[in-house]
Amino acid sequence: MKLDDVLLQLGEFGLYQKYLYSTICLTSVYAGVYALMAVVFLNTPGHRCKIPGIDNDTYAIQSTYQQNLINHYIPPPSDDDTHDYDQCHLYSFDVNDVKFDNSSRPINASLVECSEWVYSDAVFKETFTSKFNIVCGDKPLTSLVKSLFFAGKLVGAIVFGTLSDALGRRLTFNLSLMMMVGLAFGMSWSSSFEVYAVIMTAIGATTQGVFPVGFVLGVELVGPSKRKYAGIVIEYFFSVGLMLVAGVSYFARHWFYINIICSAPAILFVVYWWLIPESPRWLISKQRYEEANEILQKAAKVNKVVIEKNVFEKEINNSTPEPTGRVWQLFSTRVMLLRTLVILFNWCIVSMIYYGLSLNAGNLGGNFYLNMFLSGLVEVPANTMVLLLVDRVGRKKMYCFSMILGGCACASTIFPILYGEIENQSIITALAMIGKFGATASFNTIYFYSAELYPTVVRNAGMGASSCAARIGGIVAPYIADSAALIGGMVGKVFPLGVFGLVSIIAGLSSLYLPETLNRKLPETIEDGKQFGKSSTISKDKYEIKESLEHKPVVYENNGYIPDKEMTKL
């Protein structure tokens, strides 16, 4: 008996599945926490050069005497800048032979780069950036570390995906979960920027053993008709993680204590060694039918239903391998080549925009904590919209609409920035959040949309390629999000959201090339993939599919199951 047939007898979302699913959802909160922790740790407070010879110099002005010293030594910001001071230079002059103008600035002085800084504590008492003076010439290093986190996710997807296939989902999940928590605590005692970068990369890798593998453990025992909803609902908990970071940061205001407070509750996850069972589907793939049957019998007992004593008795003698394909087959024909390139392009862009807008929340201006909180909160209605409408309006319309909506909102921020950034701050923030709304909805939609577009024989290969494309987008995202500080001036202010908006619109329009999959017979072979979406096949299949949907939901390869190493968003 097939596993999904057993789930129909077991109850598609019974008490046992609810228990397992809820425990896994708790770990996705921490996937959200660590995904954007760098926004806090690598935040660059307002700063200026330290006044030479003043050991107790502070960024805040304490006296008229200090103000005069600042005027003497610290240059004003450039004309197109909004900083209080020049952040990287100070005046150098001979105190015995110097003249000052009416603003107390030295007339015959030269500009030199400084090596010590003082920082504003208006937002944070201390960040990792201010502790190790990662500013001015070293500023690009903060973008590098954020990028390394996503590079770690790429490596982790390969490493932990391979381990989960070889050693089992349960062992891989618990091992990566404990590593993630341990590394997070260790990060608090990083002795240098290099150590911090290595730990952040490793945390990025471990998150791919936590969320994707945990997702499979929690969702695969959910019945076919409920699986899509379970796949989206878990994203709400990721959003909670984003909001949790904002809340803890507001009260703690010090990167060390923020990390400790966020990470401490995760120690309780050690009990998952005893609470989480092995994946029945993985056990079946390894032909360990007795162990899989034992887990399902326990689930039946909890759900208070009766199933066959040995549900896989026929499978032992009649197991046949699933059809498989190679990545190169995705590019074997003109139709498949163009379709695959469009899918991969959209995966790269939607990942870049989603993470880029999340990272950019701290650069929007206004209230830092409110922006971060709203960035997580706006995902709730976005997830809800997909949950309620994707089976009504279709995947193509939902995805295209979300991408173009988000892109237009991001691009529109150019105007309020140019015509008065401070006066229009609320408008800029609102438009950026609409952009994040669109990116979130698009990310949730493209996963099962692209899975349905790939023919069955190459579906896993296609989703693996999509995963790589998404990682590339994530690696690029921090550089675009932080480009405002690197470029400077008015161009720098409009550049990040302008780029996100432009590429989002282009990606959304490119998705119009892709066929709709809702209420369609999904492709199984490469030949089916070539013909899929053509008007002749749609008209031929439409009546049959519409009639069949009255009796059962549309399903595809393993009833919608995708191996854990192909899970891509988080």
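**Figure 1. Ile24 is buried in the model, at 1% relative accessibility.** Buried denotes under 20% relative accessible area, exposed over 50% and partly exposed in between, with a 1.4 Å probe and protein chains only. The model is predicted: local features require pLDDT of at least 70, side-chain atom pairs count only at pLDDT 80 or more, and totals for chains, interfaces and linings use all residues. Residues are numbered from 1 along each chain as its sequence is written, and side-chain values use heavy atoms, with hydrogens and water left out. Ile24 lies in helix α2; helices (H or I, at least four residues) and strands (E, at least two) are DSSP runs numbered from the N terminus. Leaving aside residues up to four places away in sequence, Ile24 touches Phe173, Gly214, Phe215, Leu217, Gly218, Ile234 and Ile276, where contact means heavy atoms within 4.5 Å. Ile24 and Val210 are 186 residues apart in sequence, and their C-alpha atoms are 9.1 Å apart in space.

**Figure 2. Helices α2 and α7 pack at an angle of about 40°, with their axes 12 Å apart.** This angle makes α2 oblique to α7. Axes are lines fitted to C-alpha atoms, for helices over the stretch in contact, and angles run from 0 to 180 degrees between N-to-C directions. Angles under 35 degrees count as roughly parallel, over 145 as roughly antiparallel, 65 to 115 as roughly perpendicular, and the rest as oblique. Ile24, Thr27, Tyr30 and Tyr34 of α2 meet Phe173, Leu177, Met180 and Ala184 of α7. The residues of this contact between α2 and α7 comprise seven nonpolar, one polar and no charged. In this classification Ala, Val, Leu, Ile, Met, Phe, Trp, Tyr, Cys and Pro are nonpolar, Asp, Glu, Lys and Arg are charged, and the others, Gly among them, are polar.

**Figure 3. Asn259 is buried, with a relative accessible area of 0%.** Asn259 belongs to helix α10 (residues 255-263). Its contacts, not counting residues up to four places away in sequence, are Tyr34, Met37, Phe41, Ala184, Phe185, Met187 and Ser188. The buried residues of α10 are Trp255, Ile258, Asn259, Cys262 and Ser263. They span an arc of only 115° around the axis, which places them on the same side of α10; the arc is that of the directions from the helix axis to the C-beta atoms. The buried residues of α10 pack against α2 (15-35), α3 (37-41), α5 (128-131), α7 (169-187) and α9 (224-252).

**Figure 4. The axes of α2 and α10 come within 11 Å and cross at roughly 170°.** The two helices, α2 and α10, are therefore roughly antiparallel to each other. Tyr30, Val33 and Tyr34 of α2 meet Asn259, Cys262 and Ser263 of α10. By class, the contact of α2 with α10 has four nonpolar, two polar and no charged residues.

**Figure 5. The axes of helix α15 (residues 334-360) and helix α20 (residues 425-453) come within 9 Å and cross at roughly 150°.** Helices α15 and α20 are therefore roughly antiparallel to each other. The contact includes Ile343, Trp347, Val350 and Tyr354 of α15, together with Lys436, Ala439, Phe443 and Tyr447 of α20. The residues of the contact of α15 with α20 divide into 12 nonpolar, seven polar and one charged.
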